[in-house]
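Here's a quick tour of a structure for someone meeting it for the first time. Have a look at the sequence and the 3D view, then read on.

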Amino acid sequence: MTMATYESATRDKRRIDTGLLVQKYSTLVVLTLLFLGFAFGSDRFFTTTNLVNILQQISMLTIVAIGLTFAFAAKEMDLSVGYVVGLAGLLAPLLMAGGVSPVLAILASLFAGLIVGLVNSAIVVGVGVPSLIATLAAGSILWGINFMISGGRAIYSGIPAEYLAIGQGRIFGFLPVPARIMIVVVITSWFVMERTTFGRYLYAVGGNARAAELSGIKVRSYRVYGLALSAFFAAIAGIILSARLGSGQPNGGEAYLLDGLAAVFIGMTMLRPGTATVLGTFFGALLIGVMNNGLNLMGMDSYIQSIVKGIIIVIAVSIVSRTTKLKLL
Amino acid sequence: MSIILDGITKQWPGTLALNDVSIEVVEGKVHGVIGENGAGKTTLVSILSGAVKPTSGTLKIGGHEVAFENPVGAVAHGVSLVSQEGNLVPHLTGAENICLGFEPVRNRFVIDPRGTQQQAEAFANRYFPDTRIALDRRVDELPYADQKVIEILRALYCRPKVLILDEPTATLPAKEKRSLWELIRQLSETGMAIVLISHFLQEVIDLCDEITVLQDGRKVGHLRSETDDISERQLIDLMLTRSNGAKPAGESRSRTRTPPLDAEIVVDVDGWQGARFHVGDLQIRKGEVIGLIGLTGSGHFEFAQSLFEPKSGEAGSYRFRGRNVEHSSVRDMKRQGAALIPDHRMINAMIGEWSVRENMSMVGIDDISIKPLGLIRMAKERREAQRQIKNLNIKTSSCETRIVELSGGNKQKVSVAKWQYASEGKYHLFVFLEPTEGVDVGAKQEIHDLIVSLADKGAAVVVASSDLMEIAGISDRVIAFRNGRDAEQIERDDFSENHFINAIAGATQ
């Protein structure tokens, strides 16, 4: 059996070598082509206002996708992130409507996200349910909870201006606050994943759990961290979302699941093929953001965007699974 | 119909798994294939069953040369495999598994469940008239022995002319074993050619008309029950003897000094028991290399592994550096100074996508990072990796090369380097499992020197290996295991391949 693994590994290796350059840079090439295409296709695309706008638009998606990257690094799947975005985006406005201060409301929302992540990981790591199934179920439960706590209605009233500034403000200079938060999240996460033992161990657990265990790494703990961070980052995105919309929406975050997964998958074709990386995920989110924005400007309907996005996911995952054994369950 | 393998060679990257092996399996005969770990049995089965293509050599069935593109091709040519791990569909019934792909149908394409059931039962009755198996139940609900029988029926259902049985009795209780042996005899009488891979030597002797012995990918023996009077001892000799009359490697050992008898005791075992071993009384001191030998399944690997990874089911007294380690985790053992260099290194020790540097620092990266945040000092990480590469003479184009691109020997050196990385002298016990598995001859010596040098620096070393010459070359003391017991202790003055084999086989001289 070992020998068979050797062979497939080397066969894969050769295949990567031939297609590696094309694959590694395909995302950047597509991104450049999109930029050029839209710049010629619409005179409003390549303007400072619009480019800043793109950064603002992708900020929540990027944060969700970075969270997923932590889960993916430990080889766990998280299908509940969209509903965690919704939960956090509802909880803060609800609390503030009840008179709680914005700071406390934000902390409570982040804490709620973390709790969801810990419950997920208790089911996955403690009980042994595959994360794909456990988080799918968690998503269903959260969807119900979101409608229950909001009564199915959007929460508008009682949101103070300080809170709205998180989503709409441009306090220093021209860069919107969500884009700044995104930049901080990307840089911090990159640093943690690439420059600390935490990140290295997380990747080790995802890369070969048995080898990690025999090297003395706390495999179970790192699986928990991966899932907990995934939900925590989704909660951050949820807060920004409700601040930006000026309201809490019971089904506000659902779109971020698919887009977030797409960003991670696209990112997995770059840098270290088959591995979810922070920078890869960022470029994945950027590609989706540029595409959405450009298609919008060119007057395409949103269902066209959905179709294009689906096709891109299939292409990205095809590339990844051609070179590595992509296992999500 | 007979099947002939002619000059089969299989080269894996860095390892020659089969080297010019020729075997003829005649119709109506049972042909046994035996050998220790790494002898090439698994590769041979993979080639016979179409899962792997040989690098060179030909395969002939009934006089015609054939090349299997995949396992389906092998079945089409009448070669069926009953694999070691089993390949039933767990949630289908026994009957459905047996008829899989050949189900009786109604209206051209609707599977007939009752027909399937009847057909499978009739089929089962023909081959196992005395065994009652609930063929209408899901196979994963059945006992292991029943699953094995269903698997054999499944293989027979394809009407094979050649049947390969890979360790078919390893998990069977005695009664089922006997009925399977009976079946093997009957099948061969009907003219089927049967290949039996087994590590139960008596079973092989009783059943087989011919026996091929493999060692390190070469055919080292071919015996016929008609003309040779085959004994278990003879088979063990063939499987394990590597010296060809030459002196054991003990002469060329790189160590000259003997370990002090009063050195600190690192491992102190007094009745340590696991599912598959029971060791009575054993002390291992600093600076000693202890070799563990035995046939496959005799418990020496399990014991060695348990020194680093004590499992919950293991009980008794095992003190590591004076501390009782019952219920200790791998992390505890590592913290207290135990290290394991496991077998099957790509599965148990390495991360294939990672570079040499990243693999190397997996154990010791904590020691080169700035606490409490765990910031990795990248330059130091690289320097340390380069130092290990130089010290252990690891052949790699750089420390950023992906680990899969290295040869077996160099991968193994990285596996050792993990436990030396930024931590000279931190580990007091090194456990090696099959240290030169898949390692070419040149690198073997270097790894042996490396193992001995660890002991010279004051660590206790335990090596479990099926290569007796290796054990003789590097050990100070050898413990031979039989049936899960530490049966015999052999001192260095008494080292000889012959003595080892006697101890393993349990024969008195």
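## Where the chains meet

Buried area is the accessible area, taken with a 1.4 Å probe, that two parts lose on being put together, summed over both. In this predicted model, chain B and chain A bury about 3200 Å² between them, with 60% of that on carbon and sulfur atoms. On the chain B side, W12(B), R331(B) and W354(B) lose the most area to chain A, together making up 16% of what that side buries.

Counting residues, 43 from chain B are in contact with 30 from chain A.

## What holds hands across the gap

There are 2 salt bridges between chain B and chain A. One of them pairs E309(B) with R210(A), whose closest N and O atoms sit 3.0 Å apart.

The biggest giver is α11(B), with 4 residues. By class, the chain B side has 21 nonpolar, 8 polar and 14 charged residues.

Most residues other than glycine have a negative phi, and most peptide bonds are trans. Still, K371(B) and P372(B) are joined by a cis peptide bond, with omega about 0°. P372(B) is in the loop between β19 (369-370) and β20 of chain B.

K75(A) has a positive phi, near 60°, and lies in the loop between α2 (48-73) and α3 (81-97) of chain A. R321(B) also isn't a glycine, yet its phi is positive at about 50°; you'll find R321(B) in the loop between β16 (315-320) and β17 (323-324) of chain B.

How values were computed: Residues are numbered from 1 along each chain as its sequence is written. Chains are lettered from A and ligands numbered from 1 in the order in which they are written. This is a predicted model: local features need pLDDT of at least 70, side-chain atom pairs count only at pLDDT 80 or more; totals for chains, interfaces and linings use all residues. Side-chain values use heavy atoms; hydrogens and water are left out. Contact means heavy atoms within 4.5 Å. A salt bridge is a side-chain nitrogen of Lys or Arg within 4 Å of a carboxyl oxygen of Asp or Glu. Helices (H or I, at least four residues) and strands (E, at least two) are DSSP runs, numbered from the N terminus. Ala, Val, Leu, Ile, Met, Phe, Trp, Tyr, Cys and Pro count as nonpolar, Asp, Glu, Lys and Arg as charged, and the others, Gly among them, as polar.
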